[in-house]
Amino acid sequence: MRCRVPLLFTLALVSACHHATTSAPTNAPEERLALFAPDAPIFQSAAPALYRVAFETSVGPFALEIHRDWAPIGADRLYHLVKAGFFDDSRFSRVVPGFIMQFGVPGDPRISTVWKDRQLHDDPVRHPNERGTIAYAMTGPDTRTHQLFISLADNHRLDAQGFAPLGLVIDGMDVVERIYGGYGETSGGGMRAGKQQQIMAEGNAWLDANFPKLDRLIRASVVTAAAGG
């Protein structure tokens with residue numbers, strides 16, 4: 001797996017992630033408002049062919065490189081959700097050490113109400129679920145919505161189950177592996193069993209009250225679109 005990035009991108013990532021945890025969202029107001037209008041034009045365009053996303057977290061920054069040709073449907077949604085601030089001020093709610101780190105439940109339950117049933121058609125699996133790749137969580141065919149996971153190990157058995165990676169961690173995999181996983185499946189598991197109603201209904205308030213050690217996803221930002229994107 002590639003884990004090195006050009007110096008200029010590393011500096012851009014550090015700059016993008018050097019904010020206080022209470023700083024205001026950087027996305028445009030119209031993009032943020034679009035979270036309550038999932039049919040808005042902002043969500044209909046194609047993402048760049050190759051783009052990068054920087055994450056600020058409570059344990060440090062990490063970055064993804066997203067390849068639209070790996071999973072175009074999933075890549076398009078991630079691009080627009082990040083730009084609209086969908087993931088800002090949320091929690092890494094499901095971390096299973098040696099397996100996956102999952103996120104994507106909005107901190108604001110009003111946003112969950114809008115998006116929880118906005119299912120995507122599947123992308124074919126074009127890249128293996130190796131350590132550091134990111135893919136959507138799902139409960140079966142054509143059920144991807146907005147939760148994603150990063151593989152903490154080579155999870156090739158997920159390939160045959162239809163989990164289609166759309167990108168990979170290119171900086172900060174050590175940060176990803178430090179995200180708190182002491183709760184295991186108890187804090188954010190149960191998606192396939194239909195046991196996430198409370199998280200969706202109450203968001204950060206419920207998670208913080210019941211699982212206070214969860215690490216925070218402070219902000220996700222599209223840092224750059226690579227050449228050809």
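This is a predicted model: local features need pLDDT of at least 70, side-chain atom pairs count only at pLDDT 80 or more; totals for chains, interfaces and linings use all residues.
Trainee: Is Trp115 buried or exposed?
Mentor: Trp115 counts as buried, at 2% relative accessibility. Buried means under 20% relative accessible area, exposed means over 50%, and partly exposed lies in between, with a 1.4 Å probe and protein chains only.

Trainee: What pLDDT does the chain average?
Mentor: The average is 87, and 82% of the residues score at least 70.

Trainee: Where does pLDDT stay under 50?
Mentor: Over residues 1–26. For that segment the model has 43 contacts beyond four places in sequence, a contact being heavy atoms within 4.5 Å.

Trainee: Back to the rings. How many aromatic pairs are there?
Mentor: The structure holds 12 aromatic pairs. Rings of Phe, Tyr and Trp (its six-membered ring) pair if their centres lie within 6.5 Å; planes under 30 degrees apart count as stacked, over 60 as edge-to-face and the rest as tilted. One of the pairs is Phe43 with Trp115, which is edge-to-face at 5.0 Å centre to centre, with 75 degrees between the planes.

Trainee: Which parts does that pair tie together?
Mentor: Phe43 lies in the loop between α2 (29–33) and β1 (50–57), and Trp115 lies in helix α4 (residues 109–115), so the pair links parts that are 72 residues apart in sequence. Helices (H or I, at least four residues) and strands (E, at least two) are DSSP runs, numbered from the N terminus. Phe43 also counts as buried, at 14% relative accessibility.

Trainee: What about Phe86 and Phe87?
Mentor: They form an edge-to-face pair, 5.1 Å centre to centre with 75 degrees between the planes. Phe86 and Phe87 are both buried. One aromatic cluster includes Phe43, Phe86, Phe87 and Trp115, together with Phe55, Phe62, Phe92 and Phe103.

Trainee: And Ile111, which residues does it touch?
Mentor: Leaving aside residues up to four places away in sequence, Ile111 touches Arg32, Leu35, Phe36, Phe86 and Pro106. Ile111 sits in helix α4 and is buried, with a relative accessible area of 2%. From Ile111 to Ala201 the C-alpha to C-alpha distance is 9.9 Å, although they are 90 residues apart in sequence.

Trainee: Changing topic: which residues of strand β5 are buried on its two sides?
Mentor: Strand β5 (residues 100–103) has Ile100 and Gln102 buried on one side and Met101 and Phe103 buried on the other. In a regular strand the side chains alternate between the two faces of the sheet.

Trainee: How many bridges join β4 to β5?
Mentor: Strand β4 (residues 94–96) runs antiparallel to β5, with 3 bridges; two strands pair if DSSP finds at least two bridges between them. Val96 has Ile100 as its bridge partner in β5. The hairpin of β4 and β5 has 3 residues between the strands, and Gly98 takes a positive phi near 80 degrees there. β5 also pairs antiparallel with strand β7 (residues 148–151) over 4 bridges, where Met101 has Ile150 as its partner.

Trainee: What phi does Asp89 have?
Mentor: A positive phi of about 55 degrees, although Asp89 is not a glycine. Asp89 lies in the loop between α3 (72–84) and β3 (90–91), and counts as partly exposed at 46% relative accessibility.

Conventions
Residues are numbered from 1 along each chain as its sequence is written. Side-chain values use heavy atoms; hydrogens and water are left out. pLDDT is the predictor's confidence in each residue, from 0 to 100.
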